[in-house]
Amino acid sequence: MDKPRFRLRCSITKLIFFWIAILLTILIFFHRTPSSNPNRRVLPSLPAWENVVVQSAKPLANSTTGHSVLVTGAAGFVGTHVALALKKRGDGVVGIDNFNKYYDPTLKRRRADLLRRNGIFVLEADINDSEKLAKLFRSVKFTHVVHLAAQAGVRYALRNPASYVHSNIAGFVNLLEACKTANPQPSIIWASSSSVYGLNSKVPFSETHRTDQPASLYAATKKAGEEIAHAYNHIYGLSITGLRFFTVYGPWGRPDMMYYSFTRDMLRGKPIVVFEGPGHKSVARDFTYIDDVVKGLLAAVDTAEKSTGSGGKVERPAQLRVFNLGNTSPVPVNEVVGLLERLLGVKAKKVVVPMPRNGDVLFTHANVSLARRELGYVPTTDLKTGLRKFVDWYLDYYSESNWKSAW
Ligand SMILES: O=C(O)[C@H]1O[C@H](OP(=O)(O)OP(=O)(O)OC[C@H]2O[C@@H](n3ccc(=O)[nH]c3=O)[C@H](O)[C@@H]2O)[C@H](O)[C@@H](O)[C@@H]1O
């Protein structure tokens, strides 16, 4: 072979190697760069995010339980109170909330601020986001999940039925999927509702009564949740406790609920619409003060047994419970209006109309003997005391400087 031809072949080979090397470097670079990783795009500073979550989930030195709890719907009314109570006693707490616009998001942001000031991190995410849930469960071995994220409200289901299916059914299943694969599996305590009793007319409502006649889509999704809980408990050994809340009220409450919207409208001199049953019978609710509900919920956390399916093998049947958390004394809506008139010092402009067929039921009344026996649950706040606390909070929250954020 002559020299020039040999040299030419050498340089072509070198050139090919050179370009392959450059191509490989480019490929490796793009493969490892953060923007090409979809997970990183969701959470740009993953290590920082993980650190905050891990810190927030750590039980404090004074913790008597050593629990590490994930609270879904943490910026919600009940979620905020529960997260604070858990943190106060030393449990590690991480919150998750999607901050949706069902009612004034400013109120949710302010609740989250309160949590942040108390060392509780709230991740802004939807419980339908499997990727974020998986990351959360990879970062922390939660001992408990308190699941309160839901589409609440009975009458709103007429306007936005899909939101109930999205949060209360799809979201719940998604969360249970994450819990079932977590290792160790957490114990789950979640919010069902007094509305599952639907058209049941036996009083007071007991956990043994029928719950197959829901009067609203909301109630139907909560009842579906109880059945879904049964299946996940049965198949995957998840320890699950459902709590049927009875019209919970109090400071930092929900603006869509009657006691809250009546307070707002009465103070603004606007009329309020009071529903009444057939024969001019007043509609009644077993209004339950938030602090009582929180005590019952914490007792449910503390008595929850461990799940039994960690690692994919169910060793023995896991605990499955349902409790009423009510106040045991129904109060007619008319009486609530009277109490508010006295507390606010204004006369209500009542417009009384027959209760529309909107998903409401005529009355609720809880029998709490099971919760008393198993959880030591004893409600102690009467409606007058509880409403006074709510009104004090309301007037303070919407004081002069805060009026801009009232809706
Ligand atoms: O117990 C429960 O599980 C449910 O309690 C409440 O539902 P509800 O009892 O209907 O509470 P409100 O919406 O505050 O209504 C309370 C009472 O006021 C009445 N009301 C409501 C609105 C109105 O404009 N006028 C009126 O008379 C309703 O008919 C009802 O009897 C919550 O909104 C639900 O999310 C929860 O699940």
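These legends describe close-up views of a predicted model.

**View 1. The open sheet of 7 strands has parallel pairing.** Its strand order is S3-S2-S1-S4-S5-S6-S12. Which strands form the edges? Strand S3 (121–124) and strand S12 (320–325) do, and each pairs on one side only. From one strand to the next, the twist averages 20 degrees.

**View 2. Strand S2 pairs with S3 in the parallel sense.** Strand S2 covers residues 92–97. The pairing runs over 4 bridges. Opposite Val94 stands Phe121 in S3. Strand S3 (121–124) is an edge strand of its sheet.

**View 3. The open sheet of 3 strands has mixed pairing.** The order is S9-S8-S14. Strand S9 (281–282) and strand S14 (349–354) are the edge strands. Each of these two pairs on one side only. Helix H11 (residues 333–344) packs on this sheet. H11 touches S8, S9 and S14. The direction of H11 makes about 150 degrees with that of S8.

**View 4. Strands S8 and S14 pair in the parallel sense.** Strand S8 spans residues 271–277. How many bridges join S8 and S14? The pair has 6 bridges. For Val273, the bridge partner in S14 is Val351.

**View 5. Helices H4 and H10 cross at roughly 55 degrees.** Helix H4 takes in residues 77–88, and helix H10 takes in residues 290–303. Their axes come within 10 Å. Is H4 oblique or roughly perpendicular to H10? The crossing angle is roughly 55 degrees, so H4 is oblique to H10; roughly perpendicular would need 65 to 115 degrees. The crossing of H4 past H10 is right-handed.

**View 6. Residues of H4 and H10 make the helix contact.** From H4 come Val78, His81, Val82 and Ala85. From H10 come Ile290, Val293, Val294, Leu297 and Leu298. What is the make-up of this contact by class? The contact of H4 with H10 has 8 nonpolar residues and 1 polar residue.

**View 7. The ligand is surrounded by 19 residues.** Which residues are closest? They are Ala152, Ser193, Ser194, Met257 and Met258. By class, the shell around the ligand has 11 nonpolar, 6 polar and 2 charged residues. S8 gives the most to this shell, with 3 residues.

Key: Residues are numbered from 1 along each chain as its sequence is written. This is a predicted model: local features need pLDDT of at least 70, side-chain atom pairs count only at pLDDT 80 or more; totals for chains, interfaces and linings use all residues. Two strands pair if DSSP finds at least two bridges between them. Two residues are in contact if their C-beta atoms, placed from the backbone, lie within 7 Å. Axes are lines fitted to C-alpha atoms, for helices over the stretch in contact, and angles run from 0 to 180 degrees between N-to-C directions. Angles under 35 degrees count as roughly parallel, over 145 as roughly antiparallel, 65 to 115 as roughly perpendicular and the rest as oblique. A crossing is left-handed if the near helix is turned anticlockwise from the far one by less than a right angle, and right-handed if clockwise. Ala, Val, Leu, Ile, Met, Phe, Trp, Tyr, Cys and Pro count as nonpolar, Asp, Glu, Lys and Arg as charged, and the others, Gly among them, as polar. A residue is near a molecule or strand if its C-beta atom, placed from the backbone, lies within 6 Å of it.
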